[in-house]
Amino acid sequence: MPNHAVLHSIKFSTVVVLLTPVTLFFLYIVLYISLEWGLGISITYVDDAELFFGGGYPTLDETLNRSAWGISLILSSVINIFLLAYCLYFILTFKNEYAFRKAVLAAILVFGALLIWYFISFADLGGGIAEILYKHIETTISVVQFRMVINLTAGTGYLSVYFVAVLLSFICFKVRKSSYSDAIQYLRIYKTVFYLMVTYLSATILQLFLQYQWLTTFINNNNHAISSLTKVYPFIMSVFYAGIVVTLFVPTTELLKNLVIASSHQNREAIPEEKIHELFPSQSGVDGLLGNIKSVTLFLAPIITVIFADLIKGL
């Protein structure tokens with residue numbers, strides 16, 4: 001007679017391993033917030049008087065910069081809609097095929113929703129100066145509902161990344177019991193999600209860069225503050241976004257490779273290791289200088305975006 005306690009333990013440990021993407025998403029976010037609080041990064045000693053001198057600003061510059069920010073916001077939002085729709089479609093398609101779906105899916109979705117709501121109410125992830133700036137803009141301009149736009153785009157952005165993590169876990173479950181031919185189909189979904197997410201995060205960094213270009217038109221006679229805001233804030237968030245890509249996709253890639261190999265052995269399909277590498281985005285296990293450059297470029301795309309944008313501005 002099989003030991004049911006051992007079998008249950010094995011099944012539970014397998015579920016935990018296959019939920020690696022979701023677990024890593026929460027771990028990354030929780031560690032980020034904990035370190036921010038622990039190090040006091042959000043504490044600022046700057047007040048309004050040190051940023052704003054007088055009440056006027058160049059109207060033409062404000063209009064042009066606001067328009068550029070608005071267009072980039074629309075672009076990143078459209079990409080985000082595609083990412084959300086893509087993830088939700090496959091999450092709803094996959095979920096009915098698992099016996100554990102009700103408890104696990106309900107738990108991660110509820111916990112995720114609470115976390116996302118916390119992020120929307122968490123005013124300032126990059127430091128306290130932004131909060132002062134946001135309040136000043138709200139009292140200065142009424143055409144743009146600034147805080148509502150920021151909360152909405154930030155909230156849906158975190159929601160998209162969360163759904164990406166959930167979908168990656170579902171793909172892990174699917175690949176685990178699939179034949180090689182079926183696994184290829186799931187890994188194509190994986191590659192598409194990877195490229196969509198990198199594109200979305202890069203577009204969001206460009207939007208943040210242009211957002212701070214606009215906001216700094218409200219600062220008078222303080223060139224140092226303007227330069228710092230337009231460079232430092234987008235760069236901080238670009239590093240944060242690159243960290244999300246690394247945290248989610250590097251471990252998941254290695255996990256999926258092992259699952260494909262194990263599945264091929266179970267199905268008596270001999271698959272060369274180099275063939276397995278071809279199933280994934282060029283992010284690990286690639287050969288040659290060009291492959292390594294592509295790998296680094298994909299992971300650091302958000303950081304490269306803000307550096308490139310700042311260089312273009314300086315021309």
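**Ground rules.** I call a residue buried under 20% relative accessible area, exposed over 50%, and partly exposed in between, with a 1.4 Å probe and protein chains only. This is a predicted model, so I keep in mind that local features need pLDDT of at least 70 and side-chain atom pairs count only at pLDDT 80 or more, while totals for chains, interfaces and linings use all residues. Residues are numbered from 1 along each chain as its sequence is written, and side-chain values use heavy atoms, with hydrogens and water left out.

**Entry 1, the overall chain.** I started with secondary structure, where helices (H or I, at least four residues) and strands (E, at least two) are DSSP runs numbered from the N terminus. I found 12 helices and 0 strands. Read from the N terminus, the order is α-α-α-α-α-α-α-α-α-α-α-α. Of the 315 residues, 47% count as buried. For areas I used the Shrake-Rupley method with a 1.4 Å probe, and for residues only the protein chains shown count as cover. The accessible surface of the chain comes to about 16,100 Å², and carbon and sulfur atoms hold 68% of that. I then looked at contacts (heavy atoms within 4.5 Å). Among those in the chain with a separation of 6 or more, 86% join residues 24 or more positions apart.

H7 is mostly covered, with 22 of its 31 residues buried.

My rule here: rings of Phe, Tyr and Trp (its six-membered ring) pair if their centres lie within 6.5 Å; planes under 30 degrees apart count as stacked, over 60 as edge-to-face and the rest as tilted. The count by this rule is 12 aromatic pairs. For Trp69 and Trp214 the ring centres are 5.1 Å apart and the planes sit at 15°, so this pair is stacked. Trp69 lies in helix H4 (residues 59-94) and Trp214 in helix H8 (residues 180-215), so the pair ties together parts that are 145 residues apart in sequence. Trp69 is buried at a relative accessible area of 3%, and Trp214 is buried at 0%.

Next I took Tyr190 and Phe249, a tilted pair with 5.7 Å centre to centre and 55° between the planes. Tyr190 lies in helix H8 and Phe249 in helix H9 (residues 223-266), so this pair ties together parts 59 residues apart in sequence. Both Tyr190 and Phe249 are buried.

What does Gln207 touch, leaving aside its neighbours within four places in sequence? I listed Trp69, Ser72, Leu73 and Ser76. Gln207 lies in H8 and is buried at 4% relative accessibility. Ala203 is also found in H8, where its 9% relative accessibility counts as buried. With the neighbours within four places set aside, Ala203 is in contact with Ser76 and Ile79. I also noted that the C-alpha atoms of Ala203 and Thr305 are separated by 8.2 Å, although the two are 102 residues apart along the chain.

I looked for a side-chain nitrogen of Lys or Arg within 4 Å of a carboxyl oxygen of Asp or Glu. The structure holds 1 salt bridge. Lys257 pairs with Glu254, and the closest N and O atoms are 4.0 Å apart. The two are 3 residues apart in helix H9, so about one helical turn separates them. In general, an α-helix has 3.6 residues a turn, so residues three or four places apart point the same way. Lys257 is buried at a relative accessible area of 5%, whereas Glu254 is partly exposed at 36%.

Patches use residues with over 30% relative accessible area and no salt bridge: like charges are joined within 9 Å, nonpolar side chains (Val, Leu, Ile, Met, Phe, Trp, Tyr) within 5 Å. Phe235, Val239, Ile307 and Leu311 make a nonpolar surface patch of about 350 Å². H9 and helix H12 (301-314) are the elements that give two or more residues to this patch. Val239 has its place in H9 and is partly exposed, with a relative accessible area of 39%.
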